[in-house]
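The following exercises concern the architecture of one protein. Please study the sequence and the structure before reading each solution.

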Amino acid sequence: MQPDLIGLEISKGELRRLTGFDPEDVFRPSIMTNREKRLGFFVSEGLVALALTPIIVGFIYAFIILPTIGSSIKLGIFLLILVPIAVLVGRSLWRRRTCPQALTILLDEVDQYHEVVKAIDIQDQLATSGNLESSINDRDQVIAALQLIQEDLVRALKTERILRDNKKLLANNQELFVNNLANLQALQLSSQAGEYAQLLNQSLQIALDVQAEIRKLRKV
């Protein structure tokens with residue numbers, strides 16, 4: 001990956017710092033539409049449930065069942081089946097309660113943003129291998145657009161957390177609400193039809209979605 005693309009990435013550590021959540025712990029409905037992400041999510045949840053089951057079952061069996069009704073193999077087996085299901089349901093309910101909808105939407109936008117960055121990286125690799133003649137001007141415009149979107153995404157995530165942490169206060173810091181939409185639209189209008197035109201359009205759509213979400217947050 002070229003240096004200018006590396007600088008565009010928003011790392012998981014940065015997302016954790018901006019949002020106060022581990023991105024992996026935030027359930028997003030969009031995950032269910034991606035086969036690879038869906039499989040990874042279910043595997044991860046299953047491993048957590050299996051890891052917690054012996055601890056929970058052991059505690060219940062040792063401190064509740066044995067002192068009250070004594071040893072019971074059937075009840076132990078029942079708990080081994082019931083507890084992992086309860087863990088999965090409990091974690092799902094906990095996510096729904098603790099993860100605001102606005103945050104899940106913004107994290108989806110971050111994913112789409114990273115997909116555009118990855119698409120440019122693939123174009124770069126093809127160009128380097130001689131399989132594609134890329135337009136330097138188009139690429140520069142998309143990079144400029146993504147830099148603006150990165151700024152807006154960071155501002156939006158900051159705004160969401162400020163309003164979440166201070167629900168009774170109005171966000172008076174106007175810097176957080178400055179957006180680069182006009183600049184992005186200018187880039188789109190000046191763009192020539194080329195290899196990166198579609199990516200620039202995708203970038204503009206991400207920016208529009210992020211700005212719409214910021215407007216919603218300001219009304220909270």
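In this predicted model, buried residues account for 38% of the 220 residues in the protein.

**Exercise 1.** Determine how many helices and strands the protein has.

*Solution.* Step one is to count the elements: there are eight helices and zero strands. Step two is to read them along the sequence, which gives the pattern α-α-α-α-α-α-α-α.

**Exercise 2.** Identify the residues with the most contacts inside the largest nonpolar core, and the elements that give two or more residues to this core.

*Solution.* The largest nonpolar core has 28 residues. Those with the most contacts inside this core are Leu-8, Tyr-113, Ile-120, Leu-146, Ile-149, Leu-153 and Leu-157. Two or more residues come from each of helix 2 (12-19), helix 5 (101-128), helix 6 (136-165) and helix 8 (197-218). A second core of seven residues is separate and includes Val-57, Tyr-61, Ile-65 and Val-83.

Next, consider Leu-157. Leaving aside residues up to four places away in sequence, Leu-157 touches Leu-15, Leu-18, Thr-19, Leu-103, Leu-106 and Val-110.

**Exercise 3.** Classify the ring pair formed by Phe-59 and Phe-63 as stacked, tilted or edge-to-face.

*Solution.* First, locate the residues: both lie in helix 3 (residues 35-68), four residues apart, or about one turn of the helix. Second, examine the geometry: the ring centres of Phe-59 and Phe-63 are 5.0 Å apart and the planes stand at 40°. Third, apply the cut-offs: planes under 30 degrees apart count as stacked and those over 60 as edge-to-face. Finally, Phe-59 and Phe-63 are both exposed.

Conventions:
Residues are numbered from 1 along each chain as its sequence is written. This is a predicted model: local features need pLDDT of at least 70, side-chain atom pairs count only at pLDDT 80 or more; totals for chains, interfaces and linings use all residues. Side-chain values use heavy atoms; hydrogens and water are left out. A nonpolar core is a set of buried Ala, Val, Leu, Ile, Met, Phe, Trp, Tyr and Cys residues joined through side-chain atoms within 4.5 Å. Buried means under 20% relative accessible area, exposed over 50%, partly exposed in between (1.4 Å probe, protein chains only). Contact means heavy atoms within 4.5 Å. Rings of Phe, Tyr and Trp (its six-membered ring) pair if their centres lie within 6.5 Å; planes under 30 degrees apart count as stacked, over 60 as edge-to-face and the rest as tilted.
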